[in-house]
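This briefing is meant for someone meeting the structure for the first time. Please look over the sequence and the model before reading on.

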Amino acid sequence: MSKYECPCGYVYDPAEGDIDNGIEPGTAFEDLPDSWVCPLCEAEKEFFEKMD
């Protein structure tokens, strides 16, 4: 599963999830709810870019 980076520098890593916001480890970025936002700057998913 790919990591995705927010313009603020936060990296969503599917292996870690986002426990503080109820996202379990192993959750692919594509499977995050549409309501999920960056935990640092609250940017929406559409602003994240896939990392190689």
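Is Cys-38 buried or exposed? Cys-38 is buried, because its relative accessible area is 1%, where buried means under 20% relative accessible area, exposed over 50% and partly exposed in between, with a 1.4 Å probe and protein chains only. The model is predicted, so local features need pLDDT of at least 70 and side-chain atom pairs count only at pLDDT 80 or more, while totals for chains, interfaces and linings use all residues. Residues are numbered from 1 along each chain as its sequence is written, and side-chain values use heavy atoms, with hydrogens and water left out.

**The sheet**

- Three strands form an open sheet in the order E2-E1-E3, with antiparallel pairing; strands (E, at least two residues) are DSSP runs numbered from the N terminus, and two of them pair if DSSP finds at least two bridges between them.
- Strand E2 (11-12) and strand E3 (49-50) are at the edges and have a single partner strand each, so one side of each is left without a neighbour in the sheet.
- Strand E1, which covers residues 4-5, pairs with E3 in the antiparallel sense over two bridges, and Tyr-4 stands opposite Lys-50 in E3.

**The cysteines listed in the record**

- Under "binding site", an unreviewed UniProt entry lists Cys-6, Cys-8, Cys-38 and Cys-41; UniProt positions are given in the numbering used here, feature names are shortened, and annotations may be inferred rather than shown by experiment.
- These residues are spread over 36 residues of sequence, yet they cluster in space, with a largest C-alpha distance of 8.8 Å.
- Cys-6 is found in the loop between E1 and E2, and Cys-6 is buried, with a relative accessible area of 2%.
- Leaving aside neighbours within four places in sequence, Cys-6 is in contact (heavy atoms within 4.5 Å) with Cys-38, Cys-41, Ala-43 and Phe-48.
- Cys-38 lies in the loop between E2 and E3, and, not counting residues up to four places away in sequence, Cys-38 touches Cys-6, Cys-8, Tyr-10, Ala-43 and Phe-48.

**Thr-27**

- Thr-27 lies in the loop between E2 and E3, and at 18% relative accessibility Thr-27 counts as buried.
- The side chain of Thr-27 reaches the backbone oxygen of Glu-24 at 2.7 Å.
- When neighbours within four places in sequence are left aside, Thr-27 is in contact with Met-1, Tyr-12, Pro-14 and Leu-32.

Conventions. Helix = DSSP H or I, 4+ residues; strand = E, 2+ residues; numbered from the N terminus. Polar contact = N/O pair within 3.5 Å; in protein donor to acceptor, adjacent residues only side chain to side chain.
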